[in-house]
Amino acid sequence: NAAYREAYYSSKLEDRLFGIIDHLLDNDPFCDLVFTGHGFGGVLSIIASTRFSLIQQATRVSCHAFGTPKVGGWDLRHLVNSLSNLKMIRLENGLDPNVLQPECDKWQHVGHTLLMEESHSSQPTKTTTTPSKKASGSVNSAGPRVRAFRFDVNRPVTAFMVGGVVPLPSFTHVPASLMGNGKRDHELSSYVRVLEQFSRSSWVNRFVGETKGVVSRMDKEQRFVV
């Protein structure tokens with residue numbers, strides 16, 4: 001995206017930021033590095049973490065991006081998802097509309113996705129397909145709910161879920177009555193609130209469609225999703 005590229009490079013953000021990080025890594029070379037941001041800040045964190053992972057391939061890098069739009073196209077998606085030293089996690093809250101933009105196939109999300117819903121969601125509750133058991137890769141109870149999708153495999157068409165199970169095909173089809181909820185769900189305070197609810201509830205430990213309780217790599221090292 002040209003606008004994101006201009007914002008990232010025109011301010012010389014990378015030079016200043018990477019200089020600080022290099023100094024910190026000189027003092028603690030074995031630390032784990034985490035980039036994070038919300039909305040447009042999340043966009044910058046995705047770009048910065050990807051760039052740093054390419055430059056410092058011996059450093060383990062994570063990025064936790066909250067409520068971010070799609071940053072680039074298929075080439076960026078393939079690049080980010082192929083970096084072995086980068087763990088990219090995007091978090092989407094409820095009906096946050098920001099995560100759907102831009103709405104065309106040339107724009108793609110990167111990394112893994114965590115879909116979160118607050119326990120007191122005001123979304124409609126009428127459903128016809130609610131499973132009798134918890135789906136693999138989800139935490140679903142009276143508390144908040146979170147589902148994890150590895151590289152977006154098996155995820156719904158969009159983040160807009162009526163009753164939590166029926167995917168809507170497009171942002172333009174979202175009922176007007178839910179638009180206010182979307183604006184609320186994009187606010188940083190809403191992300192903080194739903195994450196705080198998980199301090200009293202279970203956190204996801206597997207990806208949807210995978211049967212193991214933890215993420216297993218080819219070398220049999222086991223890690224939690226986040």
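**Figure 1. Contacts of Thr50 in a predicted model.** Thr50 touches Leu79, Val80, Leu83, Leu86 and Met88, leaving aside residues up to four places away in sequence. Contact means heavy atoms within 4.5 Å. This is a predicted model: local features need pLDDT of at least 70, side-chain atom pairs count only at pLDDT 80 or more, and totals for chains, interfaces and linings use all residues. Residues are numbered from 1 along each chain as its sequence is written, and side-chain values use heavy atoms, with hydrogens and water left out. Thr50 sits in helix 3. Helices (H or I, at least four residues) and strands (E, at least two) are DSSP runs, numbered from the N terminus. Thr50 counts as buried because its relative accessibility is 5%. Buried means under 20% relative accessible area, exposed over 50%, and partly exposed in between (1.4 Å probe, protein chains only).

**Figure 2. Packing of helix 2 on helix 3.** Helix 2 spans residues 13-27 and helix 3 spans residues 40-55. Their axes lie 11 Å apart and meet at an angle of about 55°. That makes helix 2 oblique to helix 3. Axes are lines fitted to C-alpha atoms, for helices over the stretch in contact; angles run from 0 to 180 degrees between N-to-C directions. Angles under 35 degrees count as roughly parallel, over 145 as roughly antiparallel, 65 to 115 as roughly perpendicular and the rest as oblique. The crossing of helix 2 and helix 3 is right-handed, meaning that the near helix is turned clockwise from the far one by less than a right angle. Helix 2 contributes Leu13, Glu14, Leu17, Phe18, Ile21, Asp22 and Leu25 to the contact. Helix 3 contributes Leu44, Ala48, Arg51, Phe52 and Ile55. By class, the residues of this contact are nine nonpolar, no polar and three charged. Ala, Val, Leu, Ile, Met, Phe, Trp, Tyr, Cys and Pro count as nonpolar, Asp, Glu, Lys and Arg as charged, and the others, Gly among them, as polar.

**Figure 3. Packing of helix 1 on helix 3.** The axes of helix 1 and helix 3 are 10 Å apart, at an angle of about 70°. The two helices are therefore roughly perpendicular to each other. Their crossing is right-handed. From helix 1, Tyr4, Ala7, Tyr8 and Tyr9 make the contact. From helix 3 come Phe40, Val43, Leu44, Ile47, Ala48 and Arg51. The contact of helix 1 with helix 3 holds nine nonpolar, no polar and one charged residues.

Figure 4. Most residues other than glycine have a negative phi, and most peptide bonds are trans. Lys12 is not a glycine, yet has a positive phi of about 60°. Lys12 lies in the loop between helix 1 (2-10) and helix 2, and is exposed, with a relative accessible area of 56%. Phe151, also not a glycine, has a positive phi of about 50°. The loop of Phe151 runs between strand 6 (145-149) and strand 7 (161-162). Phe151 is partly exposed, at 27% relative accessible area. The peptide bond from Gln101 to Pro102 is cis, with omega near -15°. Pro102 lies in the loop between strand 3 (86-93) and strand 4 (112-117).

**Figure 5. The protein as context for the close-ups.** The protein has six helices and ten strands. Of its 226 residues, 44% are buried. Among contacts between residues at least 6 apart in sequence, 74% join residues at least 24 apart.
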